[in-house]
Amino acid sequence: MIDPAPPTAPNHEQLDAAAESARRERVTVIALVAMLFYQGFAASIISVAAPWIAVSFHLDGAGIARLFAWISLSALGALALSRMIDRHGRRRMILWCMAAIPVCSIAAALSNNFVAFTSFQIALYAVLGAAGAGCIVMLSEELPIARRARGQSFGGLAGAVGAGFCVFLMPIFVAYGWSWRWMFVISAAGVAMLPAMAQLLPESERWELSEAAGFTAKSHFYDVFQPLYRKRSITMIVCALAVAISTTAANAFGYYHAVSVVGLSAAAASTMTIVAGGLGLVGFPLGAWAAERFGRVPTVVGFGIFITAGHLWFFWGPPAHFAWPLMWLAGGYFWFNVCDNGGTVAINAAATELFPTPLRGTMIGWFALVGAVGAVISNAAVAMLANAMGGLSVVVGALSIIGIPAAILFGLMIDETRGMSLEMAGKEDEFTASEN
């Protein structure tokens, strides 16, 4: 019997290639995480500063809801820009959007006219949405199978920490009598990070291969509805619409509910948001673990159902004359943040795995568009029903229930992609064959 030959030791070229690949992965993830932190900060300003923006522009709760509804129109721009991410490259469009964020931020800070302020917020959220879509896509394309969900958790964690930094600063501004407008000035200062990001961020190798083969030029934004992907895209669009209706108001009015409805001080509300929200960050690694252990689909379904309990606890409480309203709100805030963060990891992993390279950014743009429609519906419902139903918070809680059937539909209709390569999960070969 002949003994098997011993394994061949890797040569220097193989070791150098492996080291270069690891270095590229590390540098890319650092750049993407840094940009998502910045985007998280910029995106959260409008929600955190809502009580004081309302005072400046003489808005009540319904008026703030209308402002958020108008801002949701930004998704039209986000869809167009996300399509450009597929056509013109991940790196180029991410950097252009990152350059536009400070411009929109400083313009919003200087706007005393409500129409002008709203217009610049629409533009800001359009570039934020596209930049975020590009970063999420690149996290999936640059990481190996075993670390793909973990990479999405890093990205989500970075965005949440950026939002938490905004929450941390707001009570300091209030205590010293500084205007909320300075928050947008801080956001505009992010232009200083752009040169470093341009140096660190490479182009996606998968996009470069697709571009060289001519598939990006041949694809269209409506290709996500071709028979190969129709079941996936329509199901996910319906679910995204329902989730936007159920969660938009909850995410936007949490701080407002704590300050303007329950009566917490800015310091107490920020403490609750930072501590409970900070503890809720455990949802990101928990979501990554669940997505790899049980699968993307079961993780989305589980967190998607349980998040409603946290929303109802938070917005339909605390009971009248409850002795510790801060503790009540903190419990609900922690719960729905854990579920939101965990579900986000799984849904981002699934969304980027279920479609091919020429359509990956485009599909996230479609999610942004239908999410905006859902956000308009959500905010319009709050604006129209707040007075009739006994308050803004009652409507927000009722809307959150819509997320339950959406989670169930996702579980019934969406294919599992855990452990699959992007090419296999996204049916890349079938797509490229159809384009030839």
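A residue counts as buried under 20% relative accessible area, as exposed over 50% and as partly exposed in between, with a 1.4 Å probe and protein chains only. The structure is a predicted model, in which local features need pLDDT of at least 70 and side-chain atom pairs count only at pLDDT 80 or more, while totals for chains, interfaces and linings use all residues. Residues are numbered from 1 along each chain as its sequence is written, and side-chain values use heavy atoms, with hydrogens and water left out.

The structure contains 23 aromatic pairs, where rings of Phe, Tyr and Trp (its six-membered ring) pair if their centres lie within 6.5 Å, and planes under 30 degrees apart count as stacked, over 60 as edge-to-face and the rest as tilted. Phe322 and Trp328 form an edge-to-face pair, because their planes stand at 70° with ring centres 5.3 Å apart. Elsewhere, ring pairs join Phe57, Phe114, Phe117, Trp180 and Phe184 into a cluster.

Helices (H or I, at least four residues) and strands (E, at least two) are DSSP runs, numbered from the N terminus. Axes are lines fitted to C-alpha atoms, for helices over the stretch in contact, with angles from 0 to 180 degrees between N-to-C directions. Angles under 35 degrees count as roughly parallel, over 145 as roughly antiparallel, 65 to 115 as roughly perpendicular and the rest as oblique. A crossing is left-handed if the near helix is turned anticlockwise from the far one by less than a right angle, and right-handed if clockwise.

The axes of α12 (residues 230-261) and α19 (residues 403-413) come within 8 Å and cross at roughly 165°, so these helices are roughly antiparallel. Their crossing is left-handed. Contact means heavy atoms within 4.5 Å; on the α12 side the contact residues include Lys231, Cys239 and Ser246, and on the α19 side Gly403, Phe410 and Met413 are among them. The residues of this contact divide into 9 nonpolar, 3 polar and 1 charged, with Ala, Val, Leu, Ile, Met, Phe, Trp, Tyr, Cys and Pro taken as nonpolar, Asp, Glu, Lys and Arg as charged, and the others, Gly among them, as polar.

For α14 (residues 283-293) and α15 (residues 296-315), the axes come within 7 Å and cross at roughly 135°, and the two helices are therefore oblique to each other. This crossing is right-handed. Leu286, Gly287, Ala290, Ala291 and Glu292 of α14 meet Arg296, Thr299 and Phe303 of α15, a set made up of 4 nonpolar, 2 polar and 2 charged residues.

Leaving aside neighbours within four places in sequence, Glu353 is in contact with Arg148, Arg296, Thr417, Leu422, Ala425 and Gly426. Glu353 is buried, with a relative accessible area of 0%.

Most residues other than glycine have a negative phi, and most peptide bonds are trans. A cis peptide bond, however, joins Gly317 and Pro318, with omega about -5°. Pro318 sits in the loop between α15 and α16, and His321 is placed in the loop between α15 and α16 as well. His321 has a positive phi of about 65° and is exposed at 82% relative accessibility. His58, in the loop between α2 (50-56) and α3 (61-71), likewise has a positive phi, of about 55°, and is exposed, with a relative accessible area of 73%.
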